[in-house]
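This report goes through one protein model, from its overall make-up to individual residues. The sequence and coordinates come first.

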Amino acid sequence: MSQEAPPPKRRITGYHSEAPYSFNDSQVDDIVRVCSYHRRDHDYSVIWFHPSTHTPVGNLCDCKPRESNFTLGTIEKLPVELIQQIVLGLDIESLFRFRQTCSRARELIDNLHEYRAITSHALNTFLALLRTESASQVSLLRFYQLLCFNECAFCPSFGNFVHLLRWCRCCYDCLILSGYVTALPSNLQNIPIRSLPYLETLPGLYSTNLLEENPYTERTLLATPENIATAYQQQNAEEDVIGGRLEWPKEKRVWRFMACCAILSFDPKTNKVESGISCSGCELAFDEGHFSDDKDQDEEELAQEVVGYCNKVYSTTSYLEHFAWCHHAQALWIASSSESVRPANLPQMCQDGGFLRARDQDFWVSAVPYKF
Ligand SMILES: [Zn+2]
Ligand SMILES: [Zn+2]
């Protein structure tokens with residue numbers, strides 16, 4: 001594995017090792033456990049429900065086999081494979097309603113492995129779609145396909161967020177920087193946005209910089225700029241949009257975060273899930289202010305590069321490629337005596353579970369009930 005790891009684009013002396021570190025397949029799980037951690041502050045920066053809010057919707061995930069005496073009428077005359085294809089094409093809102101109609105509909109849906117995977121591994125996203133009123137925009141099949149994929153839509157990083165309006169994965173950097181994930185309020189000029197894809201934001205605690213979390217109580221209808229323009233056009237002349245009579249609101253960064261939810265990645269071949277991991281070695285280098293041994297390299301530029309390494313989220317495969325060249329992660333691994341002891345200098349952030357301070361339970365995103 002380490003022999004195949006491609007070298008970093010720019011090798012930093014003292015930060016990257018001189019040669020790829022060798023390890024064997026039996027050490028992979030331990031290396032990941034000792035030298036990486038999951039950044040829960042990313043999860044908490046967007047829509048995130050306290051686990052207790054899942055209790056009232058527990059039956060969504062209760063897929064125990066049941067005998068049903070009901071039938072779906074004439075639909076039952078279709079081959080079961082065809083019925084399943086129809087159900088896979090249902091949007092999440094229709095699926096939710098259909099599952100409530102009778103025990104036969106529930107049995108049919110619960111037997112779909114796509115539904116089981118989603119309610120087992122992506123319940124937060126499922127509930128976020130329902131509670132933000134954006135569930136009619138995503139089919140069960142599209143949801144499952146996104147769950148089984150892990151790459152950011154805009155760069156090769158692990159995409160640990162799903163953008164509910166765009167229905168695509170994105171990473172933290174792209175959530176901040178990409179113009180494509182812009183989300184704007186649509187209720188400023190009586191635009192009939194409810195006829196087009198939109199979502200209603202949820203009150204709760206959001207963080208746009210990972211250092212401070214702020215409560216937001218607003219419930220705003222958000223949409224993509226092109227859908228706002230289309231809705232505006234439907235009741236105004238096209239030249240009003242082109243000529244600039246549509247007054248675009250100034251974007252608040254928090255709207256992007258209110259349109260996103262953290263999501264795992266599911267591998268249907270192995271049934272394994274990944275939440276995305278970050279490098280404890282890079283966090284250690286940042287904590288110690290150790291950026292390079294090379295005095296010719298610009299310290300500030302290097303510091304920024306190291307911050308980029310700290311914030312990066314990897315799949316297990318891409319993390320191992322990074323580990324093979326990350327001097328500080330290798331040092332942690334060696335200090336752990338090959339996983340038998342926890343390294344004494346493991347950064348506090350990694351020990352605390354990936355966030356800087358504990359979250360007050362009162363400030364989780366509210367469990368706004370479904371409206372249908
Ligand atoms: Zn990205
Ligand atoms: Zn590293």
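**Confidence and overall make-up**

The model is predicted. Its mean pLDDT is 84, and 84% of the residues score at least 70. Confidence is highest in helix H8 (residues 140-147), at a mean of 98, and lowest in helix H11 (residues 238-242), at 64. Over residues 361-372 the pLDDT is below 50, although this stretch has 26 contacts in the model beyond near neighbours in sequence. Where pLDDT is low, the predicted coordinates should not be read in detail.

The protein contains 17 helices and twelve strands. Of its 372 residues, 34% are buried. Among contacts between residues at least 6 apart in sequence, 77% join residues that are at least 24 apart.

**The core**

The largest nonpolar core has 86 residues, and the members that touch the most others are Ile 92, Leu 222, Cys 260 and Cys 261. This core lies between domain 1 (1-38 + 277-365) and domain 2 (43-270), because both give residues to it. In soluble globular proteins, nonpolar side chains tend to be buried together.

Which residues does Cys 261 touch, leaving aside those up to four places away in sequence? The list consists of Val 46, Ile 47, Asn 124, Thr 125, Ala 128, Phe 161, Val 162 and Leu 164.

One open sheet has three strands in the order S3-S2-S9, with antiparallel pairing. Its edge strands are S3 (168-170) and S9 (260-262), each of which pairs on one side only. On average, neighbouring strands of this sheet are turned by 35 degrees against each other, direction ignored. Strand S2 (residues 161-163) is joined to S3 by three bridges, and the two run antiparallel. Within this pair, Val 162 stands opposite Arg 169 in S3. Val 162 is also one of the residues that Cys 261 touches.

Another open sheet of three strands has the order S4-S8-S5, again with antiparallel pairing. Here S4 (184-185) and S5 (199-200) are the edge strands, each pairing on one side only. S5 and strand S8 (residues 221-223) are paired over two bridges in the antiparallel sense. Glu 200 stands opposite Leu 221 in S8.

**Single residues**

Most residues other than glycine have a negative phi, and most peptide bonds are trans.

| Residue | Phi | Loop |
|---|---|---|
| Asn 271 | about 65 degrees | between strand S10 (265-267) and strand S11 (272-274) |

Are these residues buried or exposed? Glu 133 is partly exposed, because 18 other C-beta atoms lie within 10 Å. Asn 271 has 11 other C-beta atoms within 10 Å, so it counts as exposed; the cut-off for exposed is 12 or fewer.

Leu 205 belongs to strand S6 (residues 204-206). With 18 other C-beta atoms within 10 Å, Leu 205 is partly exposed. Leu 205 and Pro 215 are separated by ten residues in sequence, and their C-alpha atoms are 4.3 Å apart in space.

Notes: Residues are numbered from 1 along each chain as its sequence is written. Chains are lettered from A and ligands numbered from 1 in the order in which they are written. This is a predicted model: local features need pLDDT of at least 70, side-chain atom pairs count only at pLDDT 80 or more; totals for chains, interfaces and linings use all residues. Helices (H or I, at least four residues) and strands (E, at least two) are DSSP runs, numbered from the N terminus. A residue is buried if 20 or more other C-beta atoms lie within 10 Å of its own, exposed if 12 or fewer, and partly exposed in between; C-beta atoms are placed from the backbone. Two residues are in contact if their C-beta atoms, placed from the backbone, lie within 7 Å. A nonpolar core is a set of buried Ala, Val, Leu, Ile, Met, Phe, Trp, Tyr and Cys residues joined through C-beta atoms within 7 Å. Domain bounds come from an automatic or database domain assignment. Two strands pair if DSSP finds at least two bridges between them. Axes are lines fitted to C-alpha atoms, for helices over the stretch in contact, and angles run from 0 to 180 degrees between N-to-C directions. pLDDT is the predictor's confidence in each residue, from 0 to 100.
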